[in-house]
Amino acid sequence: MLLTLTRYALWGTLLALPAFAEDIITLPLRFHIAQGAEMTIKAKKLEAWVKPADLKGPVLIEINRIWKQAGIQFVIERAEEEAVIKPADYAEIIQYVENAKRDENGHGDPTRIQKIMQLVDPAKSNPKTHNIYLMPYIGGTSQGNAQFKLKGIFVGTWTDKASRGLNPPVKTLLSEKEPFKVGSLARTIAHEIGHTLGLNHPKSSSGGAQLMSSGGYVLTPTEITTARKIAQAIKSAPSAAQ
């Protein structure tokens, strides 16, 4: 059974948030750290710099802290550095991603993710887990993107979101103490996991910033119900990792 959650939110901070006493749903994550993909933004050369130890330590701890409110926890099935595939049009792919911008409505260019997907080796993905691909950069002012059907998440280890693209990208923080200021790799991954569990961006935020908004950590009761339902379905599916 699930304990009734009493939620207190202040500027996106989780306060006095009780954990689930039972029925914890555990899902596996596989991290793919891109190696050999170098991008240049505003004369700054970028490579994926995160190490497996970073993911197994502060990043996973923060992801689980955030999702504890929903009674969902994650374990790392694998975290490895992997060489990117370099097709004949590799240079054009890199250039496209380097120049990708949001449109006038603030939406990211979906083609950039299709381009990035050409650089990853599908043989190294695991259909039984969420696959999280850490790239140097995934487009102007973008930090993460989730592909719901694939349970695939693409995250940049460098970001220019805080400066709205005016300054060269900086290394993304592994985690960030609350309250939310500029965000972190862990918070971005937690947010994108939300999309793979059926959650959308809220039309409006009330009672403090939400995890599924542009900044914050709180999940609404409805979001928790939706995420747990899909998480349980993933766990119970014949292909789910045991």
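Helix H4 (185-196) gives the most to the lining of the largest pocket, with five residues. The model is predicted. In it, the largest pocket has a volume of about 880 Å³. Five strands form an open sheet of mixed pairing, in the order E6-E3-E7-E9-E8. Strand E8 also supplies at least two residues of the pocket lining.

**Largest pocket**

- The lining of the largest pocket counts 32 residues.
- Arg102, Gly144, Lys161, His191 and His201 are the lining residues that lie nearest the pocket centre.
- Helix H3, strand E8 and helix H4 each supply at least two residues of the lining.
- By residue class, the lining divides into 16 polar, eight charged and eight nonpolar residues.

- The edge strands are E6 (72-83) and E8 (144-147), and each pairs on one side only.
- From one strand to the next, the twist averages 20°.
- Strands of a sheet pair through backbone hydrogen bonds, in either a parallel or an antiparallel sense.
- E3 and E6 are parallel and pair over eleven bridges. Pro28 stands opposite Val75 in E6.
- E3 (residues 25-35) and E7 (residues 130-135) also run parallel, joined by five bridges. Arg30 has Asn131 as its bridge partner in E7. His32 stands opposite Tyr133 in E7.
- E7 pairs with E9 over five bridges, again in the parallel sense. Here Tyr133 stands opposite Phe154 in E9.
- E8 and E9 run antiparallel and are joined by four bridges. Ala146 has Ile153 as its bridge partner in E9.

**Burial in the strands**

- Nine of the eleven residues of E3 are buried, so the rest of the structure largely encloses this strand.
- E9 (152-156) is mostly covered, with five of its five residues buried.
- In a regular strand, side chains alternate between the two faces of the sheet.
- Gly152, Phe154 and Gly156 point one way from E9, while Ile153 and Val155 point the other way. Residues pointing either way are buried.

**Helices on the sheet**

- Helix H3 (residues 110-117) lies across E7, E8 and E9. Its direction runs at about 75° to E8.
- Helix H5 (residues 221-236) packs on the sheet and touches E3, E6 and E7. The directions of H5 and E3 make about 80°.

**Ala146 in focus**

- Ala146 has its place in strand E8.
- Ala146 counts as partly exposed because its relative accessibility is 21%, and buried means under 20%.
- Beyond its neighbours within four places in sequence, Ala146 is in contact with Gly152, Ile153, Glu192, His195 and Thr196.
- Ala146 and Gly194 are 48 residues apart in sequence. In space, their C-alpha atoms are 8.9 Å apart.

Terms used. Residues are numbered from 1 along each chain as its sequence is written. This is a predicted model: local features need pLDDT of at least 70, side-chain atom pairs count only at pLDDT 80 or more; totals for chains, interfaces and linings use all residues. Side-chain values use heavy atoms; hydrogens and water are left out. Two strands pair if DSSP finds at least two bridges between them. Axes are lines fitted to C-alpha atoms, for helices over the stretch in contact, and angles run from 0 to 180 degrees between N-to-C directions. Contact means heavy atoms within 4.5 Å. Buried means under 20% relative accessible area, exposed over 50%, partly exposed in between (1.4 Å probe, protein chains only). On a 1 Å grid over the protein atoms alone, a cavity is a set of points where a 1.4 Å probe fits but cannot get out, and a pocket is an open set with protein on both sides within 12 Å along at least five of seven lines; lining residues have an atom within 4 Å of a point. Grid points are joined across faces, edges and corners, and a volume is the space filled by probe spheres set on the points. Ala, Val, Leu, Ile, Met, Phe, Trp, Tyr, Cys and Pro count as nonpolar, Asp, Glu, Lys and Arg as charged, and the others, Gly among them, as polar.
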